[in-house]
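Please report on the model shown here. Cover the overall fold, the pocket, the cores and the backbone details.

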Amino acid sequence: MKTRLVLMVLLIGVLSACSSFRETGVSEDGSVRQIMTEHTEEIEIPAEPERVVLLRPIDAGNASLLGGNVAGVVDAVRDTRLAEEVLEEDVAYLEHGDIEALKALDPDLIITFTPDDHLFEYQEIAPTVQINYSTAAFSPFRDKLYLAHLYNLGVILNRQEEAEALGDEWMEETTRLQREVGGLTADRKALV
C-alpha cells in the first residue's frame, strides 16, 4: 500500500512538472528568465521585455489584456477592430517573413507560431518563442484553447498571475451564465 502511495505521489510530481509553459529559473540579477516551452525546450528571455513582436494574430489581443510592451504585430490584424480599439498607434505591422522590417524594430523578444519557416532567422535577431495553435495536456485551461493561449503568453511576458486570474474570471462568468440559461429553459420546458 505504501509503495503504491509513493509511486502515485512521484507520478503526480512528474506530471505536474510536464506543464506546457512555465518559468524554470531567473538570473541572479533578475533580468533574464528561463522558460520551458511545449517543445520541452528551455529558452532564456528578458524578465521584462520592452519591445515584443507578435507574429500570431491571437497574441495581439492577449498582449493588450496583459499590458505587454508590443513593438510590432503580424500584418493580419491591420485594419481590424482590434487594431483600432486596442493597439497603440506606434505599433508596427509586419508581413510574415519580412526579416529587414523585423530587424528595424529592434525587438528584445519575438513570439511566433510553430512551425515557422523563419525561426532561425528570428533567433539571430532576438530570443524567439514558438507557440503551438493547440494546447498541452497539462495546461490549466486545456479545455479552453483561447484561454490556454492567454495563459502561455502570460508566462512568456512574466504576467502569469494576471493571465491566470483573467482566465479564472472568464470561466466563472461563463459558468454563471450557462446556469442562468439552463434555468430559463427549464422554466419554459424548452428543448435546447
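## Terms and basis

Ala, Val, Leu, Ile, Met, Phe, Trp, Tyr, Cys and Pro are classed as nonpolar, Asp, Glu, Lys and Arg as charged, and the others, Gly among them, as polar. This is a predicted model, in which local features need pLDDT of at least 70 and side-chain atom pairs count only at pLDDT 80 or more, while totals for chains, interfaces and linings use all residues. Residues are numbered from 1 along each chain as its sequence is written, and side-chain values use heavy atoms, with hydrogens and water left out.

## The largest pocket

The lining of the largest pocket splits into 6 nonpolar, 4 polar and 2 charged residues. A pocket here is an open set of points on a 1 Å grid over the protein atoms alone, where a 1.4 Å probe fits and protein lies on both sides within 12 Å along at least five of seven lines; lining residues have an atom within 4 Å of a point. The largest pocket holds about 160 Å³ of space. That volume is the space filled by probe spheres set on the points, with grid points joined across faces, edges and corners.

Which residues line the largest pocket? They are Ala60, Ala63, Ser64, Gly67, Gly68, Asn69, Val70, Val86, Leu87, Glu88, Asp90 and Val91. Helix α2 (residues 57-66) gives the most to this lining, with 3 residues.

## Overall fold

The protein chain has 7 helices and 8 strands. Both are DSSP runs numbered from the N terminus: helices are H or I with at least four residues, strands are E with at least two. Of its 192 residues, 38% count as buried. Buried means under 20% relative accessible area, exposed over 50%, and partly exposed in between (1.4 Å probe, protein chains only).

The accessible surface of the chain comes to about 11600 Å², and 53% of it belongs to carbon and sulfur atoms. Areas come from the Shrake-Rupley method with a 1.4 Å probe; for residues, only the protein chains shown count as cover. Among contacts with a separation of 6 or more, 43% join residues 24 or more positions apart. A contact means heavy atoms within 4.5 Å.

## Nonpolar cores

In soluble globular proteins, nonpolar side chains tend to be buried together. A nonpolar core is a set of buried Ala, Val, Leu, Ile, Met, Phe, Trp, Tyr and Cys residues joined through side-chain atoms within 4.5 Å. The largest has 27 residues; Ile35, Leu54, Val73, Leu109, Ile111, Val129 and Ile156 have the most contacts inside it. At least two residues of this core come from each of β3 (42-46), β4 (52-54), α2, β5 (70-74), β7 (109-113), β8 (128-131) and α6 (145-156). Helix α6 supplies the largest share, 6 residues. Apart from this core lies another, of 9 residues, among them Leu94, Leu105, Ile110 and Tyr122.

Leaving aside neighbours within four places in sequence, Val73 is in contact with Leu54, Ala60, Leu87, Val91, Ala92, Tyr93 and Leu94.

## Helix α2

Asp59, Ala60, Gly61, Asn62, Ala63 and Leu66 are buried in α2. Asp59 has a relative accessible area of 0%. Not counting residues up to four places away in sequence, Asp59 touches Leu54, Ile111, Ile131 and Leu153.

Ala63 is also in α2. Its relative accessibility is 0%. Beyond neighbours within four places in sequence, Ala63 contacts Leu54, Gly68, Val70, Leu153 and Leu157. Ala63 and Val86 are 23 residues apart in sequence and 9.8 Å apart in space, C-alpha to C-alpha. Just after α2, Gly67 takes a positive phi of about 75°.

## Arg33 in strand β2

Is Arg33 buried or exposed? Arg33 is buried, with a relative accessible area of 2%. It sits in strand β2 (residues 32-36). Not counting residues up to four places away in sequence, Arg33 touches residues including Glu23, Ile43, Glu44, Val155 and Asn158. Arg33 and Ile156 are 123 residues apart in sequence, yet 9.1 Å apart in space, C-alpha to C-alpha.

## Backbone details in loops

A cis peptide bond joins Thr114 and Pro115, with omega about -5°. Pro115 lies in the loop between β7 and α5 (119-125).

Asp79 has a positive phi, near 60°, in a residue other than glycine. Asp79 is in the loop between β5 and α3 (81-85), and is exposed at 69% relative accessible area. Asp106 has a positive phi near 50°. Asp106 is in the loop between α4 (99-105) and β7, and is exposed at 55%.
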